[in-house]
Amino acid sequence: MAARDPGTDGAPPAGPRAVPLDASGLRLVLGAHPQGVVALAAVVDGALEGIAVSTFTPVSLEPALVSVCVAHTSTTWPRLRTAPGLGVSVLAEDHAQLARRLAAPGQDRFFGTSVTVGASGAVLIDGACAWFDCVVENEITAGDHLIAVLAVLEAHHRPDVRTLVFHRSSFTRLA
């Protein structure tokens with residue numbers, strides 16, 4: 001059995017605590033894993049549509065594929081998935097307000113936001129850390145979410161811009 005380092009007050013640190021396997025318990029434990037935040041956006045029927053997603057994952061280098069997870073309850077995803085092009089913008093640390101707007105229903109999600117619209121209709125957030133111009137390749141049902149696999153057509157990055165991080169149910173910055 002390994003010895004544990006004492007806490008700052010000399011007492012042993014608290015061990016892990018079990019949580020109920022319900023939405024609030026899992027949200028608490030999964031929140032220990034910091035994640036970047038991306039905006040999925042496109043022009044659909046002449047209007048900007050977009051959502052914030054914190055479950056963005058590289059899938060494959062050959063072919064270039066990424067994935068996002070979207071709740072089945074999303075009313076925006078059914079519109080976005082029909083767009084001929086879908087922009088994925090890795091949000092910068094100063095995009096916290098935008099991420100909140102993109103996550104909330106019933107408002108102008110792009111208020112005060114500068115964007116670039118590609119020829120495919122993919123919407124890319126100006127000032128983001130990285131951009132991907134994508135098309136929907138596949139969708140996989142997974143519990144209360146769906147996994148959307150996106151084929152990457154074009155990618156750009158700005159190494160000088162720091163990413164927005166979602167950790168323990170709030171936005172933070174890397175040190």
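The following legends describe close-up views of a predicted model.

**View 1. The protein chain as a whole.** The protein chain comprises 175 residues, of which 35% are buried. Its secondary structure consists of three helices and twelve strands. Of the contacts between residues at least 6 apart in sequence, 62% join residues at least 24 apart. The accessible surface amounts to about 10500 Å², and carbon and sulfur atoms account for 58% of this area.

**View 2. The largest nonpolar core.** This core contains 25 residues, and Leu 40, Val 68, Trp 77 and Leu 150 have the most contacts inside it. Two or more residues each are contributed by strands E2 (38-44), E3 (47-53), E5 (65-71), E6 (86-90), E9 (130-142) and E10 (145-157), together with helix H2 (77-80). Apart from this core lies another, of twelve residues, which include Leu 91, Ala 99, Phe 110 and Ile 125. In soluble globular proteins, nonpolar side chains tend to be buried together.

View 3. Val 44 belongs to strand E2. This residue counts as buried because its relative accessibility is 9%, which falls under the 20% limit. Beyond its neighbours within four places in sequence, Val 44 is in contact with Glu 49, Arg 79, Leu 80, Thr 82 and Ala 83. Val 44 and Leu 80 are 36 residues apart along the chain, and 6.9 Å separates their C-alpha atoms.

Key:
Residues numbered from 1 in each chain as written. Predicted model: local features only at pLDDT ≥ 70, side-chain atom pairs only at ≥ 80, totals over all residues. Heavy atoms only, no water. Core = buried A, V, L, I, M, F, W, Y, C linked by side-chain atoms within 4.5 Å. Buried < 20%, exposed > 50% of the residue type's maximum accessible area, 1.4 Å probe, protein only. Helix = DSSP H or I, 4+ residues; strand = E, 2+ residues; numbered from the N terminus. Contact = heavy atoms within 4.5 Å. Areas by Shrake-Rupley, 256 points an atom, 1.4 Å probe, with all protein chains shown as cover.
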